[in-house]
Amino acid sequence: MAGMKTTLDLPDDLVRAVKLRALREGRKLKDAVADLLRKGLASSSAPRSQVAVTPTARLTTDPTTGLPLIICDPNAPASKMTIEELLALEQETQSQEDFERLGLSP
């Protein structure tokens, strides 16, 4: 498959994350980037329907960015998480996604 060379200016942390993912998956960086771009394009082209998350919240897509957006009732109770809880949740979510991509169960 022929390709085109392209230069992109990306944030250092994003490049580092993609390089680490490619390394973990035993793939070339260019293949990992191409796969991530394909997935991103595929997910943004399919319109998302609004899904009920809770009785006071709904999931939709931001019309400008195409990113998922949770709209909550302004009077919904809020809870705060510590940095440690947020980092643990992020790590857990990332691990689950990695296992799913590899076809493994945690």
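The model is predicted, so I take local features only at pLDDT of at least 70 and side-chain atom pairs only at pLDDT 80 or more, while totals for chains, interfaces and linings use all residues. I number residues from 1 along each chain as its sequence is written, and side-chain values use heavy atoms, with hydrogens and water left out.

**Entry 1: α1 against α3**

I took helices (H or I, at least four residues) as DSSP runs, numbered from the N terminus. Helix α1 covers residues 12-25, and helix α3 covers residues 83-102. Two packed helices are described by the angle between their axes and the distance between the axes. I used axes that are lines fitted to C-alpha atoms, for helices over the stretch in contact, with angles running from 0 to 180 degrees between N-to-C directions. The axes of α1 and α3 come within 12 Å and cross at roughly 45°. The two helices are therefore oblique to each other.

I then looked up the hand, which is left-handed if the near helix is turned anticlockwise from the far one by less than a right angle, and right-handed if clockwise. The crossing of α1 and α3 is right-handed.

Which residues make the contact? With contact meaning heavy atoms within 4.5 Å, I found R21, R24 and E25 on α1 and Q94, D98 and R101 on α3. For classes, I counted Ala, Val, Leu, Ile, Met, Phe, Trp, Tyr, Cys and Pro as nonpolar, Asp, Glu, Lys and Arg as charged, and the others, Gly among them, as polar. The contact of α1 with α3 has five charged residues, one polar and no nonpolar.

**Entry 2: salt bridges**

Side chains of opposite charge can pair when their charged atoms come close. My rule for a salt bridge was a side-chain nitrogen of Lys or Arg within 4 Å of a carboxyl oxygen of Asp or Glu. The count by this rule is six.

For accessibility I used buried for under 20% relative accessible area, exposed for over 50%, and partly exposed in between (1.4 Å probe, protein chains only).

I checked R101 with E97 and found a salt bridge at 3.8 Å, N to O. R101 and E97 sit four residues apart in helix α3, which means about one helical turn between them. R101 is partly exposed at 36%, and E97 is partly exposed at 31%.

R101 also pairs with D98, the closest N and O atoms being 3.3 Å apart. D98 and R101 are three residues apart in α3, again separated by about one helical turn. Salt bridges with shared partners join R24, E97, D98 and R101 into one network.

I also looked up D35 and R27, which form a salt bridge with closest N and O atoms 3.5 Å apart. D35 is partly exposed at 22% relative accessibility, and R27 is partly exposed at 31%.

**Entry 3: two single residues**

Is D98 buried or exposed? I have it as buried, because its relative accessibility is 16%. Leaving out residues up to four places away in sequence, D98 touches R21 and R24.

L36 lies in helix α2, residues 29-45. L36 is partly exposed, with a relative accessible area of 31%. L36 and V18 are 18 residues apart in sequence, and their C-alpha atoms are 8.9 Å apart in space.

Technical notes: Parallel < 35°, antiparallel > 145°, perpendicular 65-115°, else oblique.
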